[in-house]
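Here are some notes to read alongside the model, written as a colleague might jot them down. Please keep the viewer open while you go through them.

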Amino acid sequence: MALPRIIIAARREKTDPTSDLRVQALVANMSGALIDLAWRAPDFDAANRQLVGFELFRDDMSTEPPSRLTSALMPGQILEARGLEVLPHSEYGVQPIWRIAEAGPTAVIQFGPPRLTRDLAGPGIFVPPEERIHSLAFLQRQGAITSEELELAVERFLGRAQPVLAGAPTTMSASGMGGGAAGSARTRRVVLAYIAIAVVLVAVLVVAEQLVGRLLVPQPSAARIATSPSAQPSPSAQPSPSPAPTASVVDLHPILIQPTDLRPGYIVASQGSKPLCPACLPAVSSLAVQLQNRTLKRTILSAASIAPSSGDTKSVATALMTYRSSGGWKAVAGLGDAGFANTIVYSKLGQTYYVVVWRTGVMTNEIVLIVPAGMLSVQSAIDLARVQQARVAKALS
């Protein structure tokens, strides 16, 4: 019996008919058989919705009707995907994942609207239910959505939930689920079977994440790797001693960079508690805060994660460095147990990323400084890392 497909239909904000809830400035940059994507988060009314993250998908136009497959799910601060394979009759796209408060105690999780690289109007895309259930199970496992929100979303797929309020930006309806009570019962059993095996499939996703994690970087497009001599270690410098490893609970909020640490004009743009990257596991707890200064066009990502042991921390730090860039890392002396810095230049988009990753005991830390091209240097990111490291050492002592 063929599985039913689920169609995702998108509507605009009721409060602003001119609003565009798709990702903005989606840019594709091809290099041989690979493609890099970069985009901006959509503007939205925070009183009506919350941005959970993004779904990177691939539409296959060779099928009838065209089909959509999820390539990756990522948190809201990730605004780029790199090294995607170019496939015939296929096109990549990105769509936001929203949490929307409606009538009732549980928020509604919705996907879309989607935006394709060429942004062309085309035929309706149908999403197989197993694809969407896998995506929702992954989001729930990562702590992006609650179990109650997962259950409500599945209820909607089964057609048992209350209809969406008029004017909601995205509605989900089941297509091809007719055929009487017997057909409906069979459909429900099929979907429920997917839910039952979701836990097993998650284990498979973890392996896939390690591959997908290599493709993702926190923002804009085609990267050229450059290094700065300021990140070279001094021969006489010695790494600062780290406190004894411990996996005890540490409040990460006061460790991260605060607006008061910076010049006036910085605000907290976002905050999240997901792992630092899909493969940055195991993690006892994680926290990331994104600070922005729109006047200076600068963004700072300050993040930290605690692992069960110092051995796990080495694995997390290595995964994080691979996640950010496949090369170009230089050692930074005197920064925790081991520190590394990288300069990533996005010449086409006029931006430079200065990235610092270091580990101290059971804690992995990260600073990402995003500035207009030609501004500041990697030393500015290292200076921020030293401020954060001083707090790390105090918290773990």
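1. Overall make-up. Please bear in mind that this is a predicted model. The chain is built from six helices and 20 strands. Of its 397 residues, 48% count as buried. Among contacts with a separation of 6 or more, 67% come from residues 24 or more positions apart.

2. Which residues of H6 are buried? They are Val-378, Ala-381, Ile-382, Leu-384, Ala-385, Gln-388, Gln-389, Val-392 and Leu-396. These residues lie on the same side of H6 because they cover an arc of only 155° around the axis. On the face turned away from that buried side, H6 carries the exposed residues Ala-390 and Lys-394.

3. Helix H6, its partners. What do the buried residues of H6 pack against? Their partners are strands S16 (298–306), S17 (330–332), S18 (338–346), S19 (351–360) and S20 (363–372).

4. Side chains of opposite charge can pair when their charged atoms come close. The count here comes to six salt bridges. One of them joins the side chains of Asp-20 and Arg-22, at 3.1 Å from N to O. Asp-20 has 22% relative accessibility, so this residue counts as partly exposed. Arg-22 counts as partly exposed too, because its relative accessibility is 22%. Together with Arg-115, Asp-20 and Arg-22 are linked in a network of salt bridges.

5. Salt bridges with buried partners. The side chains of Asp-59 and Arg-68 meet in a salt bridge with an N to O distance of 2.7 Å. Are these two residues buried or exposed? Both Asp-59 and Arg-68 are buried. Another salt bridge brings the side chains of Glu-149 and Arg-99 together at 2.8 Å, N to O. This pair links distant parts of the chain, with Glu-149 in helix H2 (residues 147–158) and Arg-99 in strand S7 (residues 90–100), 50 residues apart. Glu-149 counts as buried because its relative accessibility is 6%. Arg-99 has a relative accessible area of 16%, so this residue is buried as well.

6. The largest pocket. For anyone thinking about grids, the largest pocket has a volume of about 1300 Å³. It is lined by 41 residues, and the closest to its centre are Ala-41, Leu-79, Ala-269, Gln-290 and Gln-292. Which strands each supply at least two residues of the lining? They are S2 (24–31), S3 (34–40), S4 (49–60), S14 (267–272), S15 (285–293) and S16.

7. How many cavities of 30 Å³ or more does a search of the whole structure find? The search finds three. The largest cavity has a volume of about 200 Å³. Of its 21 lining residues, Leu-73, Met-74, Pro-75, Gln-142 and Lys-274 are the closest to its centre. At least two residues of this lining come from each of S4, strand S5 (67–75), helix H1 (129–141) and helix H5 (310–324).

Key
Residues are numbered from 1 along each chain as its sequence is written. This is a predicted model: local features need pLDDT of at least 70, side-chain atom pairs count only at pLDDT 80 or more; totals for chains, interfaces and linings use all residues. Side-chain values use heavy atoms; hydrogens and water are left out. Buried means under 20% relative accessible area, exposed over 50%, partly exposed in between (1.4 Å probe, protein chains only). Helices (H or I, at least four residues) and strands (E, at least two) are DSSP runs, numbered from the N terminus. The arc is that of the directions from the helix axis to the C-beta atoms. Contact means heavy atoms within 4.5 Å. A salt bridge is a side-chain nitrogen of Lys or Arg within 4 Å of a carboxyl oxygen of Asp or Glu. On a 1 Å grid over the protein atoms alone, a cavity is a set of points where a 1.4 Å probe fits but cannot get out, and a pocket is an open set with protein on both sides within 12 Å along at least five of seven lines; lining residues have an atom within 4 Å of a point. Grid points are joined across faces, edges and corners, and a volume is the space filled by probe spheres set on the points.
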